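Open the model in your viewer and keep the selection panel at hand.

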Amino acid sequence: MKITEVRTIVTCPGRNYVIVKIVTDEPGLYGVGDATLNGRELAVATILQEYFAPLLIGRDPDRIEDIWQTLYRGFYWKGGPDAMTALSGIDMALWDIKGKRAGMPVYALLGGKTREGVLAYTHAGGRDFVEVEDAVRQCVEQGFKVVRAQVAVPGGAGTYGAGGRMEAASATWIHGDGGPMPAIERWEPSPYLRVVPNLFAHLRATVGPEVELLHDVHERLTPIQAARLARELEPFHLFFLEDPLRPENREGFRIIRQHSTTPLAMGELFHTRYECLPLLTEQLIDFIRCDLGHSGGITEARKIAAVAECYQVQTAWHGPGDIAPPTHAANVHLDLALPNFGVQEMVFFPEIVQEVLPGAPVFRDGYLEVADMPGLGVDVNEDLAAKYPYQRAYLPMVRRADGSVHDW
Ligand code: GCO
Ligand code: MG
């Protein structure tokens, strides 16, 4: 069996997605993967088309590890979000082919189910505590047992994640003279640090102790600020506090750990197992939450999970709306097989996305399921995808009150 074509499909059914379709010489046998990197879609598409695809033509798609090594170690310049996203898309498409060829779902190839369903969380956001409370209640009514809660910080225009229920960070279409421009958000640590513990005090007092709650810091705090937040959140028993520090500063997690027992999660901005390693081996986090679409696909994630398992760290793979259904499907296939799975972030895709990219996992009473069909169970409707051409869009940016740039 040989790879005959690697197709890169860029489409914008409401937001941009980059889809990889690997075609083989066996009639009708192809695989579908996701190589979407929010705000840098065309850079990844270029890597796929110009550099990776030519190396794959004529290769045996069954040799996933060898192809992975070729596209990672084979290049002198390794890693980085753009190349790792391209590699992730290829990896998923190859696992999809392998499953279809074997007549088995990917989770069966990964060792088979260790659980019946995949515990899922989604997003509740609001402009004030009561709006967040309402959003959490709606999630609970829908069956969610774990909910992420974010609230707007007074005076902080466009607070991350506070835009409403099920909100997933989106690229924004703000038009300046030269076309789309990033939205600029305002953010200050002091009001944020005052508001967040009060939000969780309110939620525990109103929605009760049972629903598991978590919060995404979005990599904005310094280590001592994060330590303060984690400590002040202790009475509210978070499921985890997500991504407190910038991914560059892994040493900072030691400071948070010294001060708090709030469980910590980190990883959506990591691109390889090497970045995860010190956090795992030093037991500085409790959940590893890499993005399968940006860190080398299923092949790399299962290795990361295996290291995490040694330290009783659970997985919580990134699952926002800005990665496409194939990554969400890959998440759930892996979650079903992993012994140390923790929780899975999810969103509900709009109908149009489901038409262009059918086969996203299905949510039922708090858990995610995938269809019991060969491969990943996802597809791409290429004719429909072509009707939604790419539109340039940026993620927002953050500036402090004094005008200086801060991490979004
Ligand atoms: C999350 C995330 C995302 C990111 C997004 C950026 O936890 O879901 O932080 O929503 O902001 O993936 O493109
Ligand atoms: Mg996050």
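This is a predicted model: local features need pLDDT of at least 70, side-chain atom pairs count only at pLDDT 80 or more; totals for chains, interfaces and linings use all residues.

Residues are numbered from 1 along each chain as its sequence is written.

Select Asn 38, His 218, Leu 269, Leu 395 and Trp 408: of the 37 lining residues, these are the closest to the centre of the largest pocket. A pocket is an open set of points on a 1 Å grid over the protein atoms alone, where a 1.4 Å probe fits, with protein on both sides within 12 Å along at least five of seven lines; lining residues have an atom within 4 Å of a point. The volume here is about 950 Å³, counted as the space filled by probe spheres set on the points.

Next, colour 3-104 and 118-375. These are domain 1 and domain 2, and the largest pocket lies between them because both give residues to its lining. Domain bounds come from an automatic or database domain assignment.

Now select 397-399, strand 17, which supplies three residues, the largest share of this lining. Strands are DSSP runs (E, at least two residues), and helices are runs of H or I with at least four.

Move to the second largest pocket, of about 240 Å³. Select Val 347, Ala 360, Pro 361, Val 362 and Phe 363, the closest to its centre of 17 lining residues. Then select 325-337, helix 11; helix 11 gives three residues, the largest share of this lining.

How values were computed. Chains are lettered from A and ligands numbered from 1 in the order in which they are written. Side-chain values use heavy atoms; hydrogens and water are left out.
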